[in-house]
Amino acid sequence: MDHQADVNALLADYRRSREQLGTVRRDLVAIRETASSPDRTVTATVGSQGALRDLTISPDAYRRHRPDELARLVLTTVSEASQAASRAAELALAPVLPERVGSDSVLAGTGDLSDRDLLPGPDACGRDRYEGAAASGGTSEDDSFDAVSWLRPGGWSTSGERSGR
């Protein structure tokens, strides 16, 4: 087996993934969506996470609308800009998410990624090393390092016992 080739392939995959995620992050940060009320008295700009970035109310808005109407107009306009920003963020996230995971659920914080989504795919030999782990909802005994202490001198220790490895 050529382990160096496997390591090089893994590093290349990691670099590609990191670059793609960096691009998505930059795209998300750059999102700014603007909406205006039908009469153009209110204009709102919202970022990718729905944060209001700018709000402009024309000087004559106070004469054209009663305070409660103007308040509703502001809320409606901000909501429209927020929905447009959310759609733009969904489009930016879509390329990096598994098919069955909607970007809208990730943006809302309700994305439900399974173990299969989080664990690496088949190894270089074509076997899925984590098949049993994903099916059982945990890691296989060989892959679990929960009881391993990396800080003990003289080797690692498992389950509180010292092993002279």
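Helices and strands here are runs assigned by DSSP and numbered from the N terminus, and that numbering gives us the names for this tour. The model you have open is a predicted one.

**Stop 1: the whole chain**

Start with everything selected. The protein chain has six helices and six strands. Follow the sequence and you pass them in the pattern α-β-β-β-α-α-α-α-α-β-β-β. Of the 165 residues in the chain, 23% are buried. Now colour by pLDDT: the mean for the chain is 76, and 61% of the residues reach 70 or more.

**Stop 2**

Next, select residues 32–36, 42–47 and 52–57. Residues 32–36 are β1 and residues 52–57 are β3, while residues 42–47 are β2. Together the three strands form an open sheet in the order β1-β2-β3, with antiparallel pairing. Its edge strands, β1 and β3, each pair on one side only. On average, neighbouring strands in this sheet are turned by 10° against each other, ignoring direction.

Zoom in on β2 and β3. How many bridges join β2 and β3? There are five, in the antiparallel sense. To see where the two strands face each other, pick Ala44, which stands opposite Leu55 in β3.

**Stop 3: the helix on the sheet**

With 27 residues, α3 reaches 39 Å from its first C-alpha to its last, close to the 39 Å expected at 1.5 Å a residue. Show some side chains too: the buried residues of α3 include Leu70, Leu73, Val74, Ala85 and Ala89.

**Stop 4: Ser48**

Now click on Ser48, in the loop between β2 and β3. Is Ser48 buried or exposed? Ser48 counts as buried because its relative accessibility is 19%, and the cut-off for buried is under 20%.

What does Ser48 touch, leaving aside residues up to four places away in sequence? Its partners are Leu28, Ile31, Ala85 and Ala89. For Leu28, look at the backbone oxygen: a polar atom of the Ser48 side chain lies 3.0 Å from it.

**Stop 5**

Finish with residues 123–145, where pLDDT stays under 50 and the model has 24 contacts beyond four places in sequence. Then select residues 152–165: pLDDT stays under 50 there as well, with 22 such contacts in the model.

Technical notes
Residues are numbered from 1 along each chain as its sequence is written. This is a predicted model: local features need pLDDT of at least 70, side-chain atom pairs count only at pLDDT 80 or more; totals for chains, interfaces and linings use all residues. Side-chain values use heavy atoms; hydrogens and water are left out. Two strands pair if DSSP finds at least two bridges between them. Helices (H or I, at least four residues) and strands (E, at least two) are DSSP runs, numbered from the N terminus. Axes are lines fitted to C-alpha atoms, for helices over the stretch in contact, and angles run from 0 to 180 degrees between N-to-C directions. The expected span of a helix is 1.5 Å times one less than its number of residues. Buried means under 20% relative accessible area, exposed over 50%, partly exposed in between (1.4 Å probe, protein chains only). A polar contact is a pair of N or O atoms within 3.5 Å; within protein, one must be able to donate a hydrogen and the other to accept it, and residues adjacent in sequence count only if both atoms are side-chain atoms. Contact means heavy atoms within 4.5 Å. pLDDT is the predictor's confidence in each residue, from 0 to 100.
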